[in-house]
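Here is a short briefing to read alongside the model.

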Amino acid sequence: MEIKYITKPLSEIEAELELVLVVEKNFEHPFVKDYKKTLEVLGFSGNQDETALLIESKKLFVGCDSLKGKDIRSAIASAIRSILDKDIASVKLATYTNYDKCTASIKALAEGLALGSYSFTIYKSQPKEPKLQTIYISNESYNDKNIEESKIKDAITRALNIAQAVNFVRDIVNTPPDDFYPKIMAKTAKDLAKENNLECEILKEEEIKEEGMNALLAVARASRHEPRVIHLSYKPKNPKAVVSIIGKGLTYDSGGLSLKPSNFMLTMKLDKSGGAAVLGILQAVSALGLDIEVHGFIGAVENMIGGNAYKPDDVLTAKNGKTIEVKNTDAEGRLVLADVLCYAQEKVKADVIIDIATLTGACVVGLGEYTFGVMGKNEDLIDKMLHAANISAGEDAAYLPMNRHLKKGLKSTIADISNVSSSRYGGAITAAMFLEEFIEEENKDKWLHLDIAGPAFNDSAWGENPAGGSGVPVRSVISFLQKLQDNKH
Ligand code: BES
Ligand code: ZN
Ligand code: ZN
(Lines give C-alpha, C1' and ligand atoms only; values in the text may rest on other atoms or scores of the structure.)
(Ligands and ions follow the chains in the order given, each with its own letter.)
Protein backbone atom coordinates (compact mmCIF):
# COMPACT_ATOMS: atom_id res chain seq x y z
CA MET A 1 0.00 0.00 0.00
CA GLU A 2 1.30 3.38 -0.99
CA ILE A 3 0.64 6.76 0.58
CA LYS A 4 1.26 9.73 -1.72
CA TYR A 5 1.16 13.45 -1.11
CA ILE A 6 -0.21 15.36 -4.11
CA THR A 7 -0.31 19.11 -4.69
CA LYS A 8 -3.69 19.09 -6.39
CA PRO A 9 -7.15 19.88 -5.07
CA LEU A 10 -9.32 16.90 -4.16
CA SER A 11 -11.53 17.36 -7.22
CA GLU A 12 -8.56 16.76 -9.51
CA ILE A 13 -7.44 13.55 -7.84
CA GLU A 14 -8.95 10.32 -9.11
CA ALA A 15 -9.80 7.85 -6.41
CA GLU A 16 -12.58 5.40 -5.71
CA LEU A 17 -13.40 6.96 -2.40
CA GLU A 18 -12.93 10.22 -0.53
CA LEU A 19 -12.34 10.07 3.20
CA VAL A 20 -13.93 13.00 5.04
CA LEU A 21 -13.42 13.84 8.71
CA VAL A 22 -16.45 15.28 10.48
CA VAL A 23 -14.56 17.46 12.93
CA GLU A 24 -16.22 18.57 16.18
CA LYS A 25 -19.57 17.36 14.80
CA ASN A 26 -19.51 20.27 12.36
CA PHE A 27 -22.00 19.17 9.71
CA GLU A 28 -22.02 22.67 8.18
CA HIS A 29 -18.45 22.43 6.90
CA PRO A 30 -18.29 22.60 3.08
CA PHE A 31 -16.89 19.03 2.95
CA VAL A 32 -19.91 17.69 4.86
CA LYS A 33 -22.87 20.03 4.33
CA ASP A 34 -24.37 18.36 1.23
CA TYR A 35 -24.47 14.98 3.00
CA LYS A 36 -25.91 16.16 6.28
CA LYS A 37 -29.40 14.81 5.59
CA THR A 38 -28.22 11.42 4.35
CA LEU A 39 -25.91 11.03 7.32
CA GLU A 40 -28.78 11.90 9.63
CA VAL A 41 -30.97 9.24 8.05
CA LEU A 42 -28.17 6.71 8.55
CA GLY A 43 -28.05 7.65 12.24
CA PHE A 44 -24.48 8.90 11.95
CA SER A 45 -23.81 11.42 14.72
CA GLY A 46 -20.12 12.13 14.14
CA ASN A 47 -18.81 10.60 17.35
CA GLN A 48 -15.09 9.96 17.50
CA ASP A 49 -14.16 6.98 15.24
CA GLU A 50 -17.77 6.45 14.07
CA THR A 51 -17.86 5.75 10.32
CA ALA A 52 -20.45 6.03 7.54
CA LEU A 53 -19.79 4.72 4.04
CA LEU A 54 -21.85 6.36 1.27
CA ILE A 55 -20.72 4.19 -1.56
CA GLU A 56 -22.88 5.81 -4.27
CA SER A 57 -21.47 9.22 -3.41
CA LYS A 58 -17.96 7.75 -3.09
CA LYS A 59 -17.54 9.16 0.41
CA LEU A 60 -16.44 7.68 3.69
CA PHE A 61 -17.21 9.88 6.71
CA VAL A 62 -15.62 9.48 10.10
CA GLY A 63 -16.21 11.39 13.33
CA CYS A 64 -13.28 13.24 14.88
CA ASP A 65 -13.57 15.10 18.20
CA SER A 66 -10.91 17.71 17.41
CA LEU A 67 -7.98 18.56 15.16
CA LYS A 68 -5.55 17.25 17.75
CA GLY A 69 -3.18 14.58 16.48
CA LYS A 70 -4.55 11.97 18.82
CA ASP A 71 -8.11 12.30 17.51
CA ILE A 72 -7.08 12.55 13.86
CA ARG A 73 -4.85 9.46 14.05
CA SER A 74 -7.55 7.40 15.70
CA ALA A 75 -10.37 8.55 13.36
CA ILE A 76 -8.38 7.98 10.19
CA ALA A 77 -7.17 4.56 11.26
CA SER A 78 -10.72 3.51 12.19
CA ALA A 79 -11.99 4.70 8.82
CA ILE A 80 -9.30 2.87 6.84
CA ARG A 81 -9.82 -0.30 8.88
CA SER A 82 -13.55 -0.18 8.10
CA ILE A 83 -12.90 -0.54 4.34
CA LEU A 84 -10.02 -3.06 4.36
CA ASP A 85 -12.36 -5.92 3.50
CA LYS A 86 -14.16 -3.91 0.80
CA ASP A 87 -13.28 -3.84 -2.85
CA ILE A 88 -11.78 -0.36 -2.79
CA ALA A 89 -8.35 0.20 -4.29
CA SER A 90 -7.80 3.94 -3.87
CA VAL A 91 -8.73 6.62 -1.35
CA LYS A 92 -8.10 10.36 -1.25
CA LEU A 93 -8.36 12.88 1.56
CA ALA A 94 -7.58 16.50 2.40
CA THR A 95 -4.95 17.69 4.89
CA TYR A 96 -6.25 18.42 8.37
CA THR A 97 -4.36 20.61 10.82
CA ASN A 98 -5.15 23.04 13.61
CA TYR A 99 -2.30 25.55 13.34
CA ASP A 100 -0.56 27.19 10.41
CA LYS A 101 2.88 25.94 11.31
CA CYS A 102 2.02 22.71 13.02
CA THR A 103 2.79 19.48 11.25
CA ALA A 104 1.90 17.30 14.25
CA SER A 105 -1.60 16.65 12.94
CA ILE A 106 -0.26 15.89 9.44
CA LYS A 107 2.09 13.37 10.99
CA ALA A 108 -0.81 11.88 12.96
CA LEU A 109 -2.91 11.73 9.79
CA ALA A 110 -0.24 9.76 7.91
CA GLU A 111 0.31 7.49 10.91
CA GLY A 112 -3.43 6.85 11.04
CA LEU A 113 -3.42 5.79 7.39
CA ALA A 114 -0.45 3.44 7.75
CA LEU A 115 -1.47 2.01 11.13
CA GLY A 116 -5.11 1.57 10.09
CA SER A 117 -4.22 -0.39 6.96
CA TYR A 118 -2.36 -3.05 8.97
CA SER A 119 -3.58 -6.62 8.68
CA PHE A 120 -2.07 -9.97 9.67
CA THR A 121 -3.23 -12.64 7.26
CA ILE A 122 -0.29 -14.98 6.69
CA TYR A 123 -1.86 -17.74 8.76
CA LYS A 124 -5.01 -17.87 6.62
CA SER A 125 -4.89 -20.74 4.14
CA GLN A 126 -6.53 -18.49 1.59
CA PRO A 127 -5.59 -14.95 2.48
CA LYS A 128 -7.51 -12.29 0.60
CA GLU A 129 -5.30 -10.02 -1.44
CA PRO A 130 -5.30 -6.56 0.15
CA LYS A 131 -7.53 -4.42 -2.06
CA LEU A 132 -6.40 -1.01 -0.92
CA GLN A 133 -3.42 0.03 -3.05
CA THR A 134 -3.05 3.80 -2.91
CA ILE A 135 -4.00 6.63 -0.59
CA TYR A 136 -3.62 10.20 -1.85
CA ILE A 137 -3.19 13.07 0.55
CA SER A 138 -4.20 16.28 -1.20
CA ASN A 139 -2.69 19.65 -0.31
CA GLU A 140 -6.27 20.96 -0.17
CA SER A 141 -6.70 21.94 3.45
CA TYR A 142 -9.78 21.38 5.60
CA ASN A 143 -9.57 24.88 7.03
CA ASP A 144 -7.26 26.77 4.66
CA LYS A 145 -4.21 26.40 6.87
CA ASN A 146 -1.11 26.64 4.81
CA ILE A 147 1.98 24.74 5.74
CA GLU A 148 5.13 24.64 3.64
CA GLU A 149 5.11 21.70 1.31
CA SER A 150 8.56 20.48 2.33
CA LYS A 151 7.45 20.40 5.97
CA ILE A 152 4.36 18.39 5.12
CA LYS A 153 6.38 15.91 3.10
CA ASP A 154 8.89 15.58 5.90
CA ALA A 155 6.16 14.96 8.47
CA ILE A 156 4.61 12.29 6.25
CA THR A 157 7.94 10.54 5.74
CA ARG A 158 8.64 10.51 9.46
CA ALA A 159 5.16 9.19 10.17
CA LEU A 160 5.52 6.39 7.66
CA ASN A 161 8.89 5.36 9.10
CA ILE A 162 7.42 5.19 12.58
CA ALA A 163 4.28 3.36 11.45
CA GLN A 164 6.40 0.83 9.57
CA ALA A 165 8.32 0.08 12.77
CA VAL A 166 5.05 -0.25 14.71
CA ASN A 167 3.63 -2.65 12.11
CA PHE A 168 6.86 -4.68 12.21
CA VAL A 169 6.42 -5.06 15.98
CA ARG A 170 2.77 -6.08 15.51
CA ASP A 171 3.84 -8.86 13.12
CA ILE A 172 6.34 -10.19 15.65
CA VAL A 173 3.88 -10.12 18.54
CA ASN A 174 1.16 -11.79 16.44
CA THR A 175 3.39 -14.64 15.26
CA PRO A 176 2.54 -17.87 17.10
CA PRO A 177 5.02 -19.11 19.72
CA ASP A 178 5.96 -22.26 17.82
CA ASP A 179 7.13 -20.09 14.94
CA PHE A 180 8.73 -17.34 16.99
CA TYR A 181 11.06 -18.59 19.72
CA PRO A 182 14.30 -17.12 21.06
CA LYS A 183 16.46 -18.24 18.14
CA ILE A 184 14.02 -16.60 15.70
CA MET A 185 14.05 -13.43 17.79
CA ALA A 186 17.85 -13.44 17.43
CA LYS A 187 17.63 -14.05 13.69
CA THR A 188 15.12 -11.22 13.35
CA ALA A 189 17.57 -8.96 15.19
CA LYS A 190 20.44 -10.01 12.94
CA ASP A 191 18.41 -9.37 9.79
CA LEU A 192 17.33 -6.01 11.13
CA ALA A 193 20.95 -5.12 11.86
CA LYS A 194 21.99 -6.04 8.33
CA GLU A 195 19.26 -3.96 6.73
CA ASN A 196 19.85 -0.93 8.93
CA ASN A 197 23.58 -0.89 9.51
CA LEU A 198 23.31 -1.73 13.18
CA GLU A 199 25.78 -3.66 15.28
CA CYS A 200 24.39 -6.91 16.62
CA GLU A 201 25.73 -9.32 19.19
CA ILE A 202 23.93 -12.52 20.16
CA LEU A 203 24.75 -14.48 23.31
CA LYS A 204 23.93 -18.18 23.15
CA GLU A 205 23.46 -20.43 26.16
CA GLU A 206 27.18 -20.98 26.78
CA GLU A 207 27.95 -17.27 26.74
CA ILE A 208 24.93 -16.50 28.89
CA LYS A 209 26.31 -18.99 31.43
CA GLU A 210 29.71 -17.31 31.32
CA GLU A 211 28.02 -14.00 32.05
CA GLY A 212 26.47 -15.52 35.17
CA MET A 213 22.90 -14.76 34.10
CA ASN A 214 21.51 -17.58 36.22
CA ALA A 215 18.07 -16.10 36.83
CA LEU A 216 17.41 -15.89 33.08
CA LEU A 217 18.81 -19.39 32.56
CA ALA A 218 16.55 -20.85 35.26
CA VAL A 219 13.45 -19.45 33.52
CA ALA A 220 14.65 -20.85 30.18
CA ARG A 221 15.57 -24.31 31.44
CA ALA A 222 12.41 -26.33 30.77
CA SER A 223 11.98 -25.10 27.22
CA ARG A 224 13.15 -27.04 24.18
CA HIS A 225 14.21 -23.64 22.83
CA GLU A 226 17.55 -22.30 24.04
CA PRO A 227 17.50 -18.71 25.28
CA ARG A 228 19.26 -15.82 23.58
CA VAL A 229 20.46 -12.47 24.82
CA ILE A 230 20.45 -9.89 22.05
CA HIS A 231 22.39 -6.63 21.92
CA LEU A 232 21.72 -4.28 19.02
CA SER A 233 23.35 -0.88 18.70
CA TYR A 234 22.74 2.17 16.59
CA LYS A 235 25.73 4.51 16.67
CA PRO A 236 25.42 7.83 14.83
CA LYS A 237 28.56 9.96 14.43
CA ASN A 238 27.98 12.68 17.00
CA PRO A 239 25.36 11.37 19.41
CA LYS A 240 23.67 13.87 21.70
CA ALA A 241 23.06 11.15 24.30
CA VAL A 242 23.35 7.42 24.88
CA VAL A 243 20.22 5.44 25.69
CA SER A 244 19.86 1.75 26.58
CA ILE A 245 16.52 0.04 26.05
CA ILE A 246 15.92 -3.37 27.58
CA GLY A 247 13.01 -5.56 26.48
CA LYS A 248 11.29 -8.56 28.01
CA GLY A 249 11.25 -11.11 25.22
CA LEU A 250 9.28 -14.02 26.64
CA THR A 251 8.38 -15.78 23.41
CA TYR A 252 5.88 -17.75 25.49
CA ASP A 253 4.84 -17.52 29.12
CA SER A 254 3.01 -20.64 30.26
CA GLY A 255 3.63 -19.56 33.85
CA GLY A 256 6.05 -22.43 34.39
CA LEU A 257 5.27 -24.78 37.28
CA SER A 258 3.10 -22.03 38.75
CA LEU A 259 1.09 -22.80 35.63
CA LYS A 260 -1.37 -20.27 34.29
CA PRO A 261 -5.01 -21.37 34.04
CA SER A 262 -5.87 -21.99 30.36
CA ASN A 263 -7.88 -18.82 29.87
CA PHE A 264 -4.96 -16.74 31.21
CA MET A 265 -2.37 -18.62 29.17
CA LEU A 266 -4.16 -17.88 25.91
CA THR A 267 -2.53 -14.85 24.19
CA MET A 268 0.73 -15.28 26.14
CA LYS A 269 2.60 -15.12 22.85
CA LEU A 270 2.21 -11.41 23.64
CA ASP A 271 4.87 -11.71 26.35
CA LYS A 272 7.59 -10.92 23.81
CA SER A 273 6.07 -7.46 23.19
CA GLY A 274 8.77 -5.57 25.12
CA GLY A 275 11.54 -7.27 23.17
CA ALA A 276 9.65 -6.78 19.90
CA ALA A 277 9.28 -3.07 20.74
CA VAL A 278 13.06 -2.84 21.20
CA LEU A 279 13.50 -4.20 17.65
CA GLY A 280 10.94 -1.71 16.31
CA ILE A 281 12.56 1.21 18.13
CA LEU A 282 15.95 0.36 16.65
CA GLN A 283 14.42 0.12 13.20
CA ALA A 284 12.76 3.51 13.62
CA VAL A 285 15.76 5.39 15.08
CA SER A 286 17.92 4.28 12.19
CA ALA A 287 15.25 5.10 9.58
CA LEU A 288 14.81 8.54 11.16
CA GLY A 289 18.56 9.03 11.54
CA LEU A 290 18.25 10.27 15.13
CA ASP A 291 21.35 11.77 16.74
CA ILE A 292 21.07 9.51 19.77
CA GLU A 293 23.14 6.41 20.34
CA VAL A 294 20.65 3.66 21.08
CA HIS A 295 21.43 0.24 22.50
CA GLY A 296 18.74 -2.42 22.51
CA PHE A 297 18.98 -5.45 24.79
CA ILE A 298 16.53 -8.35 24.71
CA GLY A 299 16.24 -11.36 26.97
CA ALA A 300 14.62 -13.90 24.64
CA VAL A 301 13.34 -16.84 26.65
CA GLU A 302 10.45 -19.32 26.76
CA ASN A 303 8.89 -20.10 30.17
CA MET A 304 7.71 -23.73 30.12
CA ILE A 305 7.15 -26.74 32.36
CA GLY A 306 9.00 -30.07 32.52
CA GLY A 307 11.05 -32.32 34.76
CA ASN A 308 13.91 -29.85 34.69
CA ALA A 309 11.80 -26.75 35.23
CA TYR A 310 12.84 -24.21 37.85
CA LYS A 311 10.62 -24.36 40.89
CA PRO A 312 8.93 -22.29 43.52
CA ASP A 313 11.35 -22.55 46.51
CA ASP A 314 14.45 -22.41 44.29
CA VAL A 315 17.02 -19.75 45.08
CA LEU A 316 18.73 -18.16 42.07
CA THR A 317 21.86 -16.03 41.95
CA ALA A 318 21.53 -13.18 39.46
CA LYS A 319 24.40 -11.72 37.44
CA ASN A 320 25.10 -9.06 40.08
CA GLY A 321 25.41 -11.69 42.80
CA LYS A 322 22.06 -10.99 44.45
CA THR A 323 20.11 -14.07 45.49
CA ILE A 324 16.42 -14.43 44.67
CA GLU A 325 13.93 -16.77 46.30
CA VAL A 326 11.48 -17.97 43.68
CA LYS A 327 7.99 -17.95 45.13
CA ASN A 328 6.15 -18.00 41.83
CA THR A 329 7.58 -19.15 38.51
CA ASP A 330 5.02 -17.01 36.68
CA ALA A 331 6.85 -13.87 37.86
CA GLU A 332 9.54 -14.80 35.34
CA GLY A 333 9.82 -11.55 33.40
CA ARG A 334 11.50 -9.76 36.30
CA LEU A 335 14.01 -12.62 36.65
CA VAL A 336 14.97 -12.34 32.99
CA LEU A 337 15.08 -8.54 33.15
CA ALA A 338 17.18 -8.59 36.35
CA ASP A 339 20.03 -10.29 34.50
CA VAL A 340 19.65 -8.35 31.26
CA LEU A 341 19.54 -5.04 33.16
CA CYS A 342 22.82 -5.97 34.86
CA TYR A 343 24.33 -6.96 31.52
CA ALA A 344 23.19 -3.74 29.82
CA GLN A 345 24.64 -1.56 32.58
CA GLU A 346 27.95 -3.41 32.44
CA LYS A 347 28.16 -3.09 28.65
CA VAL A 348 27.05 0.51 28.15
CA LYS A 349 27.33 3.66 30.25
CA ALA A 350 24.02 5.18 29.23
CA ASP A 351 22.42 8.55 30.04
CA VAL A 352 18.97 6.98 30.12
CA ILE A 353 17.97 3.35 30.73
CA ILE A 354 14.47 2.27 29.75
CA ASP A 355 13.05 -1.19 30.24
CA ILE A 356 9.89 -2.30 28.45
CA ALA A 357 7.91 -5.32 29.63
CA THR A 358 4.52 -6.98 29.72
CA LEU A 359 5.32 -7.44 33.37
CA THR A 360 2.20 -7.61 35.52
CA GLY A 361 -1.52 -8.30 35.35
CA ALA A 362 -1.69 -5.86 38.27
CA CYS A 363 -0.79 -3.01 35.94
CA VAL A 364 -3.78 -3.90 33.76
CA VAL A 365 -6.03 -4.06 36.82
CA GLY A 366 -4.82 -0.64 37.96
CA LEU A 367 -4.79 1.31 34.71
CA GLY A 368 -7.09 -0.64 32.41
CA GLU A 369 -6.08 -2.36 29.23
CA TYR A 370 -5.46 0.79 27.17
CA THR A 371 -2.78 2.45 29.28
CA PHE A 372 0.80 1.53 30.02
CA GLY A 373 2.44 2.23 33.37
CA VAL A 374 5.47 4.46 33.81
CA MET A 375 7.65 3.94 36.88
CA GLY A 376 11.05 5.16 38.00
CA LYS A 377 12.92 7.35 40.47
CA ASN A 378 13.46 10.48 38.36
CA GLU A 379 10.41 12.75 38.16
CA ASP A 380 11.79 14.73 35.25
CA LEU A 381 12.31 11.62 33.11
CA ILE A 382 8.88 10.34 34.10
CA ASP A 383 7.25 13.63 33.07
CA LYS A 384 9.08 13.56 29.75
CA MET A 385 7.94 10.02 29.04
CA LEU A 386 4.33 10.82 29.97
CA HIS A 387 4.37 13.87 27.74
CA ALA A 388 5.98 11.95 24.86
CA ALA A 389 3.31 9.24 25.15
CA ASN A 390 0.10 11.13 25.89
CA ILE A 391 0.75 14.38 24.02
CA SER A 392 3.23 13.73 21.21
CA ALA A 393 2.71 10.10 20.25
CA GLY A 394 -0.93 9.62 21.21
CA GLU A 395 -0.37 6.50 23.29
CA ASP A 396 -1.92 6.41 26.78
CA ALA A 397 0.48 6.28 29.70
CA ALA A 398 0.14 6.91 33.43
CA TYR A 399 2.51 7.23 36.37
CA LEU A 400 2.53 4.66 39.15
CA PRO A 401 4.40 5.99 42.18
CA MET A 402 6.91 3.85 44.06
CA ASN A 403 6.23 3.66 47.77
CA ARG A 404 8.96 2.57 50.14
CA HIS A 405 6.47 0.80 52.43
CA LEU A 406 5.57 -1.61 49.62
CA LYS A 407 9.16 -2.78 49.54
CA LYS A 408 8.92 -4.97 52.62
CA GLY A 409 6.62 -7.37 50.78
CA LEU A 410 9.63 -8.47 48.73
CA LYS A 411 11.57 -9.65 51.81
CA SER A 412 12.82 -13.21 51.80
CA THR A 413 13.80 -15.17 54.87
CA ILE A 414 16.46 -17.19 53.08
CA ALA A 415 17.60 -15.07 50.11
CA ASP A 416 18.28 -11.36 49.47
CA ILE A 417 14.87 -10.80 47.91
CA SER A 418 11.87 -12.80 46.80
CA ASN A 419 10.49 -12.61 43.27
CA VAL A 420 6.93 -11.80 44.31
CA SER A 421 5.48 -9.64 47.02
CA SER A 422 3.71 -11.18 49.98
CA SER A 423 1.01 -8.53 49.64
CA ARG A 424 -1.75 -8.95 47.07
CA TYR A 425 -1.77 -5.19 46.45
CA GLY A 426 0.40 -2.88 44.34
CA GLY A 427 1.74 -5.66 42.12
CA ALA A 428 2.89 -3.40 39.28
CA ILE A 429 4.87 -1.26 41.71
CA THR A 430 6.40 -4.13 43.67
CA ALA A 431 7.56 -5.60 40.35
CA ALA A 432 9.26 -2.29 39.56
CA MET A 433 10.83 -2.29 43.03
CA PHE A 434 12.17 -5.77 42.37
CA LEU A 435 13.79 -4.49 39.14
CA GLU A 436 15.24 -1.53 41.02
CA GLU A 437 17.36 -3.99 43.00
CA PHE A 438 19.25 -4.64 39.77
CA ILE A 439 19.82 -1.01 38.86
CA GLU A 440 23.20 0.24 40.06
CA GLU A 441 23.21 3.12 42.52
CA GLU A 442 24.61 5.64 40.02
CA ASN A 443 21.96 4.66 37.45
CA LYS A 444 18.86 4.90 39.64
CA ASP A 445 17.91 8.35 38.44
CA LYS A 446 18.54 7.39 34.81
CA TRP A 447 16.07 4.54 34.79
CA LEU A 448 12.48 4.27 33.55
CA HIS A 449 10.31 1.16 33.69
CA LEU A 450 7.39 0.80 31.25
CA ASP A 451 4.83 -1.90 32.06
CA ILE A 452 2.93 -2.47 28.82
CA ALA A 453 0.95 -5.57 29.93
CA GLY A 454 -2.36 -3.80 29.16
CA PRO A 455 -2.04 -2.20 25.73
CA ALA A 456 0.57 -4.54 24.15
CA PHE A 457 -2.18 -6.82 22.86
CA ASN A 458 -5.86 -6.18 22.13
CA ASP A 459 -8.76 -8.60 22.04
CA SER A 460 -10.50 -6.29 19.59
CA ALA A 461 -9.54 -3.20 17.62
CA TRP A 462 -9.75 0.32 19.08
CA GLY A 463 -8.54 3.65 17.70
CA GLU A 464 -5.43 3.06 15.63
CA ASN A 465 -4.86 -0.35 17.21
CA PRO A 466 -5.94 -3.54 15.49
CA ALA A 467 -6.90 -6.74 17.28
CA GLY A 468 -3.71 -8.52 18.38
CA GLY A 469 -0.32 -6.89 18.86
CA SER A 470 -0.43 -3.08 19.06
CA GLY A 471 3.21 -2.03 18.76
CA VAL A 472 2.98 0.01 22.00
CA PRO A 473 5.18 1.81 23.16
CA VAL A 474 7.30 2.30 20.03
CA ARG A 475 5.72 5.66 19.17
CA SER A 476 6.13 6.97 22.72
CA VAL A 477 9.76 5.98 23.02
CA ILE A 478 10.56 7.45 19.59
CA SER A 479 8.92 10.76 20.63
CA PHE A 480 10.89 10.64 23.88
CA LEU A 481 14.18 10.09 22.02
CA GLN A 482 13.34 12.78 19.48
CA LYS A 483 12.77 15.30 22.30
CA LEU A 484 15.98 14.22 24.00
CA GLN A 485 17.81 14.93 20.75
CA ASP A 486 16.11 18.27 20.09
CA ASN A 487 16.73 19.55 23.62
CA LYS A 488 20.44 18.82 23.35
CA HIS A 489 20.90 20.74 20.10
N1 BES B 1 3.44 -11.98 31.44
C2 BES B 1 2.78 -11.90 32.69
C3 BES B 1 2.04 -10.57 32.89
C4 BES B 1 0.86 -10.31 32.00
C5 BES B 1 -0.42 -10.54 32.45
C6 BES B 1 1.03 -9.73 30.76
C7 BES B 1 -1.50 -10.24 31.64
C8 BES B 1 -0.05 -9.43 29.96
C9 BES B 1 -1.31 -9.69 30.39
C10 BES B 1 3.78 -12.05 33.83
O11 BES B 1 4.87 -12.85 33.58
C12 BES B 1 3.04 -12.65 34.98
O13 BES B 1 2.57 -13.73 34.83
N14 BES B 1 2.95 -11.91 36.09
C15 BES B 1 2.26 -12.37 37.24
C16 BES B 1 3.05 -11.93 38.45
C17 BES B 1 2.52 -12.51 39.74
C18 BES B 1 2.81 -14.01 39.77
C19 BES B 1 3.20 -11.82 40.88
C20 BES B 1 0.88 -11.71 37.24
O21 BES B 1 0.77 -10.55 36.89
O22 BES B 1 -0.08 -12.40 37.59
ZN1 ZN C 1 4.50 -14.91 33.97
ZN1 ZN D 1 5.45 -12.99 31.57
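**Cores, a buried glutamate and a surface patch**

In this predicted model, the largest nonpolar core holds 112 residues, and L19, Y96 and L481 have the most contacts inside it. Helix α4, spanning residues 149-174, gives the most to this core, with 12 residues. At least three residues of the core come from each of domain 1 (2-147) and domain 2 (167-488).

**Around the cores**
- Leaving aside neighbours within four places in sequence, Y96 is in contact with L19, V20, L21, V23, F31, L67, I72, S105, I106, L109 and Y142.
- Another core, of 50 residues, lies apart from the largest one, and its members include A218, V219, A428 and M433.

**A glutamate in a loop**
- You will find E332 in the loop that runs between β12 (323-325) and α10 (333-347).
- E332 has a relative accessible area of 0%, so it counts as buried.
- Beyond its neighbours within four places in sequence, E332 is in contact with K248, D253, D271, N303 and Y310, along with V219 and L250.

- L257, L259 and I305 make a nonpolar surface patch of about 260 Å².
- One of these, L259, sits in the loop between β9 (242-253) and α8 (262-265).
- L259 counts as partly exposed because its relative accessibility is 44%, which falls between the 20% and 50% cut-offs.

Methods:
Residues numbered from 1 in each chain as written. Chains lettered and ligands numbered in written order. Predicted model: local features only at pLDDT ≥ 70, side-chain atom pairs only at ≥ 80, totals over all residues. Heavy atoms only, no water. Core = buried A, V, L, I, M, F, W, Y, C linked by side-chain atoms within 4.5 Å. Buried < 20%, exposed > 50% of the residue type's maximum accessible area, 1.4 Å probe, protein only. Helix = DSSP H or I, 4+ residues; strand = E, 2+ residues; numbered from the N terminus. Domains from an automatic or database assignment. Contact = heavy atoms within 4.5 Å. Patch = residues over 30% accessible without salt bridge, like charges linked within 9 Å, V, L, I, M, F, W, Y side chains within 5 Å. Areas by Shrake-Rupley, 256 points an atom, 1.4 Å probe, with all protein chains shown as cover. Salt bridge = Lys/Arg side-chain N within 4 Å of Asp/Glu carboxyl O.
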